[in-house]
Amino acid sequence: MLFIENLLVTQDHRQILSLPKASLVSGELVAVLGPNGAGKSSLIKTICGEWPANQGQIYLHDKSLQQWSRQQLAKHLGVLPQASQLSFPFKAQEVVAIGATPLSLKRRDIENAVQKWMQATDTWQFADRIYTSLSGGERQRVQLARVLLQLSQAEHAPLLLLDEPTSAQDLGQQHQLLNLVKSLCQQNGFAVISILHDLNQASRYADKVWLLHQGELVAQGSPPQVLQPETVMKIWGYQPELFFNSQGQQILV
Amino acid sequence: MMSLLLMVSVLLSIMLGPMTLPAKQSLLSILDKLFGSDFSQLNAFQTAIIWELRWPRTLLAIFIGALLALCGAVTQGLFRNPLADPGIIGVSSGAGLGAAIAIVLLPASLSYLTTPIAAFLGGLITTLLVYRLAQSQNGGTSVLILLLAGVAIAAFSGAIIGFMTYIANDMALRELTLWGMGSLNGANSISIWLSALTCLGLLMFYQTQAPALNAFLLGEAEARHLGINVEKLKLQLIVVTAIGIGIAVSATGIIGFISLVVPHLVRMTMGPDHRVLLPLSALTGAVLLLMADIGARVILPPAELPVGLVTALIGAPFFAFLLIQQRKRLSTL
């Protein structure tokens with residue numbers, strides 16, 4: 001459903017991102033990995049159209065992104081930013097409801113959907129608290145509920161982009177969140193591209209890994225294929241040890 | 001509740017002034033006017049005070065108050081910053097500069113037309129300028145730069161307005177001084193109609209954009225991902241708000257702080273949702289300016305203070321209070 005071709009992004013004549021070919025099918029969760037400054041955030045920003053690509057095309061459901069209408073694209077492409085700058089005292093549930101306002105849900109449906117997605121993201125218990133008084137992790141989950149409400153209006157399988165969704169979460173919430181995302185892929189056919197930092201989380205949840213280094217896509221494939229100790233050494237400069245857990249999943253320490 | 005308060009303030013505004021009129025008779029006089037009846041026992045002189053002096057002024061206070069509060073609420077949303085106020089960030093000064101140039105340099109016979117247009121242009125140019133200046137890398141606006149831009153623009157406009165005062169002829173000078181302090185004295189049918197129509201137009205336009213404005217508060221990128229044409233929205237809001245401020249400034253001069261205080265009061269009680277915030281701000285702004293004008297008339301009778309002085313007296317401490325309240329957040333910027 002997502003197809004990227006000959007993508008090239010430059011800034012001040014410096015190449016930031018080059019992606020000759022990459023694709024994603026409905027139901028797949030891709031982990032984008034790479035050291036700081038590898039171009040992970042740039043990739044997210046380019047796919048969602050925030051940064052214009054200098055070259056290349058991005059197709060969503062066989063239609064180039066430029067051909068989508070704003071409204072239609074909003075229903076099918078959602079982005080969870082790393083941090084939000086909202087500084088007005090909205091209640092958490094009002095923030096989530098903003099996910100529906102520019103689009104086309106009935107008022108009663110919005111209320112139900114807000115509750116549904118807030119429960120799914122474990123935020124319903126502070127629905128009436130003021131957003132700005134929440135902790136970083138709580139805010140991020142409220143934002144996720146908003147984005148999921150936005151995408152729940154999709155007619156085809158939607159694409160969800162997550163910029164470090166686990167960065168502000170505690171261990172339990174990290175896994176709860178990734179499980180939620182995983183089940184959206186499996187049951188609702190979401191395609192998800194998520195920036196992650198923890199290689200073992202990527203191994204556990206992702207179907208595919210895109211490994212970025214200095215703006216280049218240096219490897220893509222299943223987690224065990226890509227995440228070999230020597231690759232990790234080459235990219236991050238750290239020599240990990242490889243173990244296998246009881247389910248046969250590989251673990252790098 | 002607010003509507004009731006508005007009606008009470010209208011009645012007070014009709015009654016109070018250098019000459020106090022009885023409440024019951026004033027109320028009856030309004031009924032007479034509305035229904036063509038003849039209940040009121042006020043004499044012709046008193047009726048004239050009501051309908052020639054106080055009524056136009058009351059109407060102007062309502063529309064300008066509403067207009068200022070609306071523009072304030074939208075400016076704060078547009079800058080995603082609860083301290084952005086057309087007065088503080090210099091937009092009113094810019095509009096004032098435009099108006100002053102029109103009053104002094106353009107023919108007086110056309111001033112009912114040229115002053116609002118020049119005020120609008122002045123307001124528009126400053127809004128665009130301030131917006132460009134304050135835009136920071138991460139897509140937000142910097143409070144520090146906003147306030148400093150306001151200081152710079154106010155100083156610059158002050159200097160040019162001073163220069164205009166210096167070269168103005170007697171008539172222009174009179175108009176300039178009267179209007180420079182912010183006063184509802186100049187109420188006439190043109191300014192009332194103009195502000196009424198602008199106020200209604202803005203209210204309707206802003207209301208259609210209220211959901212988009214809510215999304216805009218999340219951030220520009222987020223709003224874009226929600227399917228909003230952010231560039232178009234920003235441009236529309238800047239132009240329309242500059243029209244509002246321009247009309248307000250050309251009708252009454254610079255009346256500060258209504259646009260800062262009112263949206264804050266409404267947000268404190270009703271939350272920041274623009275669908276509620278905008279109409280309620282308009283109503284509250286009308287009440288507050290009307291009250292301030294009543295205050296301006298009764299504090300030092302028979303003299304009358306410029307209403308801009310009264311709103312500054314209430315508003316400036318409120319602004320200081322906001323700064324103290326947000327000190328922690330601001331000091332990290």
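Predicted model: local features only at pLDDT ≥ 70, side-chain atom pairs only at ≥ 80, totals over all residues.
View 1. Leaving out residues up to four places away in sequence, B:Leu237 touches B:Val74 and B:Leu78. B:Leu144 is another story: 93 residues separate it from B:Leu237 along the chain, and their C-alpha atoms are 22 Å apart.

**View 2. Helices α8 and α10 of chain B where they cross.** Helix α8 of chain B takes in residues 189–217, and its axis comes within 10 Å of the α10(B) axis, with a crossing angle of roughly 155°. Angles over 145 degrees count as roughly antiparallel, so that is how α8(B) and α10(B) run relative to each other. The crossing is left-handed. On the α8(B) side, the contact residues include B:Leu194, B:Thr198, B:Leu202, B:Phe205 and B:Phe216. From α10(B), the contributors include B:Leu233, B:Val240, B:Ile243, B:Gly244 and B:Ile247. Sorted by class, this contact has eleven nonpolar residues, five polar ones and no charged ones.

**View 3. Helix α4 of chain B, end to end.** The 15 residues of α4(B), 91–105, reach 21 Å from the first C-alpha to the last. That is close to the 21 Å expected at 1.5 Å a residue. How many of the residues of α4(B) are buried? The count is 14 of 15, so to speak a mostly covered helix.

Technical notes. Residues numbered from 1 in each chain as written. Chains lettered and ligands numbered in written order. Contact = placed C-beta atoms within 7 Å. Axes fitted to C-alpha atoms, helices over the stretch in contact; angles between N-to-C directions. Helix = DSSP H or I, 4+ residues; strand = E, 2+ residues; numbered from the N terminus. Parallel < 35°, antiparallel > 145°, perpendicular 65-115°, else oblique. Left-handed = near helix turned anticlockwise from the far one by under 90°. Nonpolar A, V, L, I, M, F, W, Y, C, P; charged D, E, K, R; others polar. Expected span 1.5 Å × (residues − 1). Buried ≥ 20, exposed ≤ 12 C-beta atoms within 10 Å, placed from the backbone.
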